[in-house]
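Please open the structure in your viewer and follow the stops below in order. Each stop names a selection and then describes what is found there.

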Amino acid sequence: MTDRLSRPERRALQRQDAEILPLPLSMGTDPRPAAAHVRHVIHLLRGVHSDSPCSDAVAHVTALFDRTVSPQPPTPLACRKGCSHCCTQLVVLTAPEAFFVAAQLRKRPNTVAAIIEAHHRTQGLAINERLQSKVLCPLLDDAICSIYAARPLGCHAFVSTNLEACLATFERGEVPNIPMPADYVSVLYTCRILLLAALRLAGLNSSVYEMNAALAVILAQDNAEARWLAGEDVLASVPATAPPPPQFNDAIAKMAAFVAPTV
Ligand code: SF4
């Protein structure tokens, strides 16, 4: 598919997408369901009437993740409200995810101060050093994630079927070996691909950042999201994490190439 779509073809595609979008994501080899979500995420990122297009786009992807993973995996999840052992990890996220989190924090100066302090304590630490440091996520409030609905995709997907494995990793500093349902991993992978493909096709920066560093910079600026959407690199001072591995990068490029003629 290389030519632009005709108007009837575009209408037929819109009808097809409208049927796909409310469903859980089909995880087969057919790229069309994921492509429908890529088009929709691009549409949301271009939302001229929205206060936060990034929040709308990320909320769509995280809701898709939530309705696609199995609500009752073969081995039940050990995760419970108030259990936050894993919230000492390094969290990475895209700029739109960071804007979604930041949008929850504008009237929470104490949390903003806690983010800046946590950033100063953790900046430059490698993943293992970060685990050993046991610095709690500044978004925790009495062991509960205070931005739960807006937490980054990686936090949505980080679950465990074994509390003892979490205690070994996060409390006793043993080699991480957290068992999680296979579909959480594969659905996270696909949701990340479609979000990153949408960012590339929308001409936006698809870099990934450490959460505290990105939030500290965003929360110190006015209109950071609008300026980022207009093409200004408001996160230029935040080091991006390592680029995606080649296989993941190829999957993003393939999805973007599949969708490109239809946007
Ligand atoms: S954002 Fe929420 S879920 Fe993620 S590490 Fe922080 S407190 Fe935990």
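## Stop 1: Two loop residues

Select Ala143, which counts as exposed because it has 12 C-beta neighbours inside 10 Å. Ala143 lies in the loop between β2 and β3 (144-145), and its phi is near 70°, a positive value in a residue other than glycine. Helices (H or I, at least four residues) and strands (E, at least two) are DSSP runs numbered from the N terminus.

Next, select Lys134, in the loop between α6 (127-133) and β2 (140-141). The phi of Lys134 is near 55°, again positive in a residue other than glycine. Lys134 is exposed, with 10 other C-beta atoms within 10 Å.

The model is a predicted one: local features need pLDDT of at least 70, side-chain atom pairs count only at pLDDT 80 or more, and totals for chains, interfaces and linings use all residues. Residues are numbered from 1 along each chain as its sequence is written.

## Stop 2: The ligand

Display the ligand and select Cys87, Val91, Cys137, Leu139, Leu140, Cys145, Arg151 and Cys155, which surround it. A residue is near a molecule if its C-beta atom, placed from the backbone, lies within 6 Å of it. This shell holds seven nonpolar residues, no polar ones and one charged. Here Ala, Val, Leu, Ile, Met, Phe, Trp, Tyr, Cys and Pro count as nonpolar, Asp, Glu, Lys and Arg as charged, and the others, Gly among them, as polar.

## Stop 3: Helix α4

Which residues of α4 are buried? Select Ala95, Pro96, Glu97, Ala98, Phe99, Phe100, Val101 and Ala102. Eight of the nine residues of helix α4 (residues 95-103) are buried, so this helix is largely enclosed by the rest of the structure. The buried residues of α4 pack against α3 (53-68), β1 (92-94), α7 (153-157), β4 (208-210), α10 (211-219) and α11 (224-229); contact requires C-beta atoms, placed from the backbone, within 7 Å.

## Stop 4: The nonpolar core

Select Val38, Ala98, Leu194, Ala197 and Ala198, which touch the most other members of the 67-residue largest nonpolar core. Helix α9 (residues 182-201) gives the largest share of this core, eleven residues. Such a core is a set of buried Ala, Val, Leu, Ile, Met, Phe, Trp, Tyr and Cys residues joined through C-beta atoms within 7 Å. Finally, centre on Leu194: not counting residues up to four places away in sequence, Leu194 touches Ala34, His37, Val38, Val41, Val61 and Met255.

Notes:
Buried ≥ 20, exposed ≤ 12 C-beta atoms within 10 Å, placed from the backbone. Contact = placed C-beta atoms within 7 Å.
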